[in-house]
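Hello,

Here is the structure I promised to pass on.

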Amino acid sequence: MGPATPLRRRTRARPAATRAEGGSGGDGDDDDVRCEACGSGESAAELLLCDGCDRGLHIFCLRPILPRVPAGDWFCPSCASPSPHSKKSHAAKKPKQFPLVQTKIVDFFKIQRGPAAALAAAAESSEGKKRKRKVLPKEDVETLNLCKRMMARGEWPPLLVVYDPVEGFTVEADRFIKDLTIITEYVGDVDYLTRREHDDGDSMMTLLSAATPSRSLVICPDKRSNIARFINGINNHTPDGRKKQNLKCVRFDVGGECRVLLVANRDISKGERLYYDYNGSEHEYPTHHFV
Ligand SMILES: C[S@@+](CC[C@H](N)C(=O)[O-])C[C@H]1O[C@@H](n2cnc3c(N)ncnc32)[C@H](O)[C@@H]1O
């Protein structure tokens, strides 16, 4: 159950009608455009054209890579970066990695084996089927509340947010973490999917999938969120990608409300990066180019 798929996408491949007319169009011929990084003009639908300089870059050649063509205008890294004389650019160049060290008692966040394991299995086996949401047991609700109170006091689970040139920000374990530990709840502003049509959807998470988008709910972490929005996804099209998974994304009924939790699905060693399957829900999230 990963971030939700956006409702629309912008493509830079020429529309079929224009191609059929055979003209190159007033804005120049897109067929000549090649990716500035790999030099290829292949995969036209994934070849972004910069709205500043008109040069091309594949979404999967960008660093960090983009999973899909973004909605709205897009500027290549050169056009997007501020002028070398501005104060902002000096500040932006400095840290490649920021150590957000979080060093408190992770065992507090341990949940019951039975229900979580059963739920994780249910999430795997019944994709697409209607299922009744599991109620989080009372003890685990207490654990979740304790976990939140600790975080409010500034006591965090041992996680580091680090920067990777390909994956962007990503989260790693700063200590051994036991199987079935609550890593974090996926939080943000909750909204109807239809009201987020213009969001890029990079980090939107499905909360409740209804028959129509006007009734489906999503969690949007752009403005308010926590470390969950930095946790990366597996490439679920390759065996190596799938092997990386060490978290499960599970939805629980907590006091009548649906809540999305990221829970360890095996023991995790210190230094291991955290990953879960963005494609656990019915929406397809493009992970072909994920590392
Ligand atoms: C929920 S955000 C995760 C945090 C993100 N890395 C960042 O820097 O903000 C999802 C985005 O992270 C990137 N991402 C996630 N998993 C990845 C992976 N395995 N390989 C490469 N990029 C990944 C993609 O750009 C994706 O759209």
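The shell around the ligand is made up of ten nonpolar, six polar and three charged residues (nonpolar being Ala, Val, Leu, Ile, Met, Phe, Trp, Tyr, Cys and Pro, charged being Asp, Glu, Lys and Arg, and polar the others, Gly among them). Please note that this is a predicted model, where local features need pLDDT of at least 70, side-chain atom pairs count only at pLDDT 80 or more, and totals for chains, interfaces and linings use all residues. Residues are numbered from 1 along each chain as its sequence is written.

Of the 19 residues around the ligand, those that come nearest are Gly-168, Phe-169, Ser-203, Asn-232 and Phe-290 (near means a C-beta atom, placed from the backbone, within 6 Å). Strands here are DSSP runs of E with at least two residues, numbered from the N terminus. Domain 1 (16-89) and domain 2 (106-187 + 226-276) both contribute to the shell, so the ligand lies between them; the bounds come from an automatic or database domain assignment.

β4 also runs antiparallel to β3 (residues 159-164), joined by six bridges (pairing needs at least two DSSP bridges). Three residues separate β3 and β4 in a hairpin, and Leu-159 has Ala-173 as its bridge partner.

Elsewhere, three strands form an open antiparallel sheet in the order β6-β8-β7. β6 (189-192) and β7 (205-208) are at its edges with a single partner strand each, so one side of each has no neighbour in the sheet.

Best wishes

Notes
Helix = DSSP H or I, 4+ residues; strand = E, 2+ residues; numbered from the N terminus.
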